[in-house]
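Subject: Structure handover

Hello,

Here is the structure I said I would pass on. My notes on it follow below.

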Amino acid sequence: SQRTLVNKSANLRNLKYMDIRYKIGQRIKLLRTEKNVSQNDLAYYAGLDRSYLAGVENGKRNITIVNLEKIITALEITVKKFYDDSIFEE
């Protein structure tokens with residue numbers, strides 16, 4: 001039915017959004033752990049709340065571009081380095 005198609009389409013869109021949120025979160029977590037920085041310290045350096053950062057790393061929060069820039073700056077890396085990973089090539 002029409003309703004089923006709409007629901008399936010909405011679910012697929014939600015999975016795509018969850019997937020990119022998860023990938024970004026995992027990339028942040030990997031870069032943070034490589035630098036041996038705690039969630040608490042990264043949140044502090046980026047001017048963000050630790051629980052927000054935890055939600056981003058777990059793919060539960062929809063991070064803004066501005067907050068992503070804050071995290072990238074706090075990690076002392078470039079945007080290119082952030083996205084230079086095979087996780088984003090799928």
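Helix H4 is followed by Glu 76, whose phi is positive, near 60°; helices here are DSSP runs of H or I with at least four residues, strands are runs of E with at least two, and both are numbered from the N terminus. Before going on, note that this is a predicted model, in which local features need pLDDT of at least 70, side-chain atom pairs count only at pLDDT 80 or more, and totals for chains, interfaces and linings use all residues. Residues are numbered from 1 along each chain as its sequence is written, and side-chain values use heavy atoms, with hydrogens and water left out.

Back to Glu 76, which is not a glycine and lies in the loop between H4 and helix H5 (79-83). Its relative accessible area is 68%, so Glu 76 is exposed (exposed means over 50% relative accessible area, buried under 20%, partly exposed in between, with a 1.4 Å probe and protein chains only). Asn 36 also has a positive phi, of about 60°, without being a glycine. Asn 36 sits in the loop between helix H1 (2-34) and helix H2 (39-46), and is exposed at 70% relative accessible area. As background, most residues other than glycine have a negative phi.

In H4 itself (residues 65-74), the buried residues are Asn 67, Leu 68, Ile 71 and Ile 72. They cover an arc of only 140° around the axis, so they are on the same side of H4; the arc is taken from the directions from the helix axis to the C-beta atoms. Glu 69 and Thr 73 are exposed on the other side of H4.

For the chain as a whole, there are five helices and zero strands. Of its 90 residues, 31% are buried. Taking contacts (heavy atoms within 4.5 Å) between residues at least 6 apart in sequence, 61% join residues at least 24 apart.

There are two aromatic pairs (rings of Phe, Tyr and Trp, the last by its six-membered ring, with centres within 6.5 Å; planes under 30 degrees apart count as stacked, over 60 as edge-to-face and the rest as tilted). Tyr 44 and Tyr 45 form an edge-to-face pair, 5.9 Å centre to centre with 65° between the planes, and both residues are exposed. The ring centres of Phe 82 and Tyr 83 are 5.0 Å apart and the planes are at 85°, so this pair is edge-to-face. Phe 82 is buried, with a relative accessible area of 0%, whereas Tyr 83 is partly exposed at 36%.

Regards
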